[in-house]
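Please keep the sequence and the model in view while reading.

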Amino acid sequence: APPPPPPPRREQPPRPPQPSPDAERAARAGGRTGRLQVILAWEDTNDLDLYVACPDGQVLGPDNSRGACGGRIDVDANRGGPNPAPGLTRTPVENAVWDRPPPGRYRVHVNACCGVVRQMPGSAFRITIRQEGQPDRVVPGYARAGTSPPGPMVAEFTVPPR
């Protein structure tokens with residue numbers, strides 16, 4: 001006798017996209033969410049800086065952390081330079097957020113800040129791009145000591161017109 005047929009397969013419903021763990025790290029550090037959020041996270045005490053070039057050419061970064069194309073950087077970990085951060089962490093994060101991001105192309109850059117590289121030769125990092133209505137996009141990179149701001153471009157994305 002032939003073997004019995006296998007039981008019918010149950011189709012599993014698609015799982016909703018899971019948020020990046022770095023989004024939780026940014027929230028714990030006091031970062032806000034919005035229609036657009038760009039998160040930089042790394043795993044050492046180096047001072048990395050997040051820069052986002054907006055469609056109009058303005059650059060949101062450590063020297064212009066409020067107002068570039070309506071965005072702001074609300075978390076800046078392991079800050080060095082003339083106003084160093086009070087405590088260093090091995091789970092640092094930086095968070096840029098927009099409530100109403102202008103449409104157009106954005107470019108994300110990461111720089112090892114101010115020559116403050118405590119662990120040579122630099123740091124591996126992750127950029128998480130969170131856009132309303134889309135799954136989180138995570139882009140890995142590496143910031144080397146000795147680069148000039150804003151550092152190399154590591155990601156780009158487009159915000160469509162509303």
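How many bridges join β4 to strand β5, and in which sense do the two run? In this predicted model, five bridges connect β4 with β5 (residues 93–98), and the two strands run antiparallel. Within this pairing, D76 stands opposite E94 of β5.

This pair belongs to an open sheet of five strands, ordered β4-β5-β1-β7-β8 and paired antiparallel. The edges are held by β4 (71–76) and β8 (137–144); each has a single partner strand, so one side of each is left without a neighbour in the sheet. From one strand to the next, the twist averages 20°. Strands of a sheet pair through backbone hydrogen bonds, in either a parallel or an antiparallel arrangement.

Helix α1 (residues 21–28) lies across β1 (36–42), β4, β5 and β7 (122–131), and runs at about 95° to β1. The chain has one helix and nine strands, and their pattern along the sequence is α-β-β-β-β-β-β-β-β-β.

The remaining strands are found in another sheet. This open sheet has four strands in the order β3-β2-β6-β9, again with antiparallel pairing. Here β3 (59–60) and β9 (153–159) stand at the edges, and because each has a single partner strand, one side of each is left without a neighbour in the sheet. On to β6, the antiparallel pairing of β2 and β6 extends over six bridges, with A112 in β6 as the bridge partner of L48. Six bridges also link β6 and β9 in the antiparallel sense, and R107 stands opposite E156 in β9. Strand β6 (residues 104–112) is mostly covered, as seven of its nine residues are buried.

Taken over the chain, 41% of the 162 residues count as buried. Among contacts in the chain with a separation of 6 or more, 70% are between residues 24 or more positions apart.

The loops hold several backbone features to inspect. Most residues other than glycine have a negative phi, and most peptide bonds are trans. In the loop between β3 and β4, C69 has a positive phi, near 45°, although this residue is not a glycine. Is C69 buried or exposed? With a relative accessible area of 8%, C69 falls under the 20% cut-off and is therefore buried. N78, in the loop between β4 and β5, likewise has a positive phi, about 55°, without being a glycine. The relative accessible area of N78 is 1%, so N78 is buried. In the loop between β8 and β9 lies P150, joined to P149 by a cis peptide bond with omega of about 5°.

Finally, consider the second largest pocket, which has a volume of about 180 Å³. Which residues line the second largest pocket? The lining consists of R35, P101, Q131, E132, Q134, V159, P160 and R162.

Key:
Residues numbered from 1 in each chain as written. Predicted model: local features only at pLDDT ≥ 70, side-chain atom pairs only at ≥ 80, totals over all residues. Heavy atoms only, no water. Pairing = 2+ DSSP bridges. Axes fitted to C-alpha atoms, helices over the stretch in contact; angles between N-to-C directions. Contact = heavy atoms within 4.5 Å. 1 Å grid on protein atoms, 1.4 Å probe; cavity = no way out; pocket = protein on both sides within 12 Å on 5 of 7 lines; lining within 4 Å. Points joined across faces, edges and corners; volume = space filled by probe spheres on them. Buried < 20%, exposed > 50% of the residue type's maximum accessible area, 1.4 Å probe, protein only.
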